[in-house]
Amino acid sequence: MIAEIGLAALWLAAALAALQLFAGVLALRQEQGEDGELARLMRPAAMVQALLATLAFFMLMWCFAITDLSVKLVAANSHSLKPMLYKVTGTWGNHEGSMLLWVAVMALSGGLIGWLEKRLPVRTMQATLATQGFVALGFYAFLLLSSNPFERLPIPAPEGQGLNPLLQDIGLALHPPTLYIGYVGLSVAFSFAIGALLTRNVTPEFARVMRPWVLGAWVFLTLGITAGSYWAYYELGWGGWWFWDPVENASLMPWLAATALLHSTSVLAARDALRTWTIMLGVVAFSMSMLGTFLVRSGVLTSVHAFAVDPERGSFILVLLAIYIGGSLAIFALRAGTVAEGKRFAMSSREGALVFNNVMLSAILGIVLLGTLYPLLTEAFDIRVSVGPPYFNPVSAIFAVPMFLVMAAGPLMRWREDKPARIQMELAIVGAIILGVLVLVAVLGDYSVLAILGLALSAGLAIASFMPLRGRKLSRVPLATWGMVLAHFGVAVSLFGMASESAFTKERLSAVIAGESQQVAGWNITLESVDPIAGPNWTAMEARVLAQRGEGEAAVMIPQARNFWAPAQATSESALLTRWDGQLYAVIGDSAGVDANGNQRWQLRIWWKPFVTFIWYGGLLIAFGGTLAIIGRVSADLKRRRAVLRGTEKRAEAEALKHGELGEPALAKDAQGKAHNEAPGEPA
């Protein structure tokens, strides 16, 4: 009965999504107010739908936890001998389960909107909830009509086929859920954008409502990409942290769009500018998440990240893609002209810097999109091409380098209009640091141009990220400003890690016998032994490797070459030794025969990757900065709402402006009594 309860809950949730959609459409057409009958149906429908979708997901998780082999999905993706952790996480380690997780998170988001959000005008909220119901209804239809996760087998299977061994890792508990929450957050931002566009209510208040959702989606996308990168880095055993795999790109493209949307939304909330930009980026960000869904689940890609899906279901997703993206772009084309122009600003201003960087982000997004789709287009004509780092790295850098330079200067500029001469000292310091590191690295070694540029830019950006705090009382700096500073510093840290890994990595591949040593980048590596071991659902050859640097104490590394039997697959389990200045990465391979004395030789591959961990430390800093910004923005909005209720809105806004909580720098007067911005640096 567990599966039947889950399926019934899913059907009821779909019915409520349809009710939410049609009630919203009729309410908007009839122009009913808050007290209308149809308007009163929408919020409860969204909240009950959230409960039902969550119930359906937990019913599927229960089926996996008890290994109910009468459920087709469980039989195809689980095994009775699998550890409980992987039974539970295996719930979303497959196509149907991951889509149900997507739908459950989307329904929860819609329920939270219906329960908590009271700030938007009634008609805009109706349009938002109707759009959310429309998006959810498509996914419900996809699950129920072509990807039923609760389908029963006529006869229960004697044993399950097991989970893909590459997915049997703690990374499965972290990467997909965080990524899906990010995707769903973009669907909520999309619903807000379409709701505001339909009701012509693109205002700063709308942007303040939308901003926490965009920030939350961006934070979770950042965490998801960071976790996925590290998971692939240590799990696949090839020593790289990013391969420009099409499915990796499918998560990067929404993040790029969300980054641009985040800044545009904040400018609209703080300065009533970039109205059309905000709506367009809301549509583009969700379109990129939908495109990623199609790429991963349509069967057009072959990737360790992709789910194998039959063409029929791929066609279903393609239809949804066309409806959502095509429909939203059509609405944007029809209604964008009705959006009132926001406040004007000079290009030499903080808004101008943000617009420039949004254009750069959009260009990088276009480059990644072209490089991802081009091989698919050529393959349709029986021409196979491969697009990888030789294309993505240099072409992206054309736009990334000026973006980082403007990113260093932008937070130091004033709103609406400024003169670069005012911050010439700060710009000179950052420029000198960049130039000094550039020359130093170029002189000391023979490194690639991109690696040298990355090291120089990371140093300059790291210093520039803290300059908005200069001359300010740190205890009075708003959380949102701290969030911006830490997020920008996190970008510098990640960039430093990427450039260092590219420039300084050393590798040694050798065939060694037990007791033999090799040298790599000052490390003495000794293969002590290789022994067979057995795990819960695998066997392995486990190596014991001693790693010693200089006169220090030797550390033990335990790489494995595993063989799973459910399903049958060989994997490499790398061993990592982390130090403050880098990471030693070891992989044991197959037998390499015997030497002249009859001793068994083993393939041993070792990398020394200086500062590679900074890539992921930076990702965590970016996400932490975003989290602080969410807390700061929400608390500032709550203060403002409380002030409105007390009838003291003007005084509260004055206080908020004074301390930068609404994005406007504090004002001071010079010797002639002329007002000027005292503390540029509030996040836009």
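Modeller: α2 passes α5 in a left-handed crossing, that is, the near helix is turned anticlockwise from the far one by less than a right angle. This is a predicted model, in which local features need pLDDT of at least 70 and side-chain atom pairs count only at pLDDT 80 or more, while totals for chains, interfaces and linings use all residues. Residues are numbered from 1 along each chain as its sequence is written, and side-chain values use heavy atoms, with hydrogens and water left out.

Biologist: Are α2 and α5 roughly parallel or roughly antiparallel?

Modeller: The axes, lines fitted to C-alpha atoms over the stretch in contact, with angles from 0 to 180 degrees between N-to-C directions, come within 7 Å for α2 and α5 and cross at roughly 150°. Angles under 35 degrees count as roughly parallel, over 145 as roughly antiparallel, 65 to 115 as roughly perpendicular and the rest as oblique. The pair α2 and α5 is therefore roughly antiparallel.

Biologist: How many residues of the contact of α2 with α5 are charged?

Modeller: Contact means heavy atoms within 4.5 Å, and α2 contributes residues including Arg43, Ala46 and Gln49, with Ala107, Gly110 and Gly111 among those of α5. Ala, Val, Leu, Ile, Met, Phe, Trp, Tyr, Cys and Pro count as nonpolar, Asp, Glu, Lys and Arg as charged, and the others, Gly among them, as polar. The contact of α2 with α5 has 15 nonpolar and six polar residues, and the number of charged ones is one.

Biologist: Which element gives the most to the lining of the largest cavity?

Modeller: A cavity is a set of points on a 1 Å grid over the protein atoms alone where a 1.4 Å probe fits but cannot get out, and lining residues have an atom within 4 Å of a point. The largest cavity has a volume of about 50 Å³, and its lining includes Ala46, Gln49, Ala107 and Gly110. Two or more residues come from each of α2 (37–65), α5 (95–116) and α6 (122–146). With four residues, the element that gives the most is α5.

Biologist: How many residues of the contact of α13 with α15 are nonpolar?

Modeller: The axes of α13 (residues 389–409) and α15 (residues 449–466) come within 10 Å and cross at roughly 20°, so α13 and α15 are roughly parallel. Among the contact residues are Val401 and Phe404 of α13 and Leu453 and Leu457 of α15. One residue of this contact is polar and none is charged, and the nonpolar ones number twelve.

How values were computed
On a 1 Å grid over the protein atoms alone, a cavity is a set of points where a 1.4 Å probe fits but cannot get out, and a pocket is an open set with protein on both sides within 12 Å along at least five of seven lines; lining residues have an atom within 4 Å of a point. Grid points are joined across faces, edges and corners, and a volume is the space filled by probe spheres set on the points.
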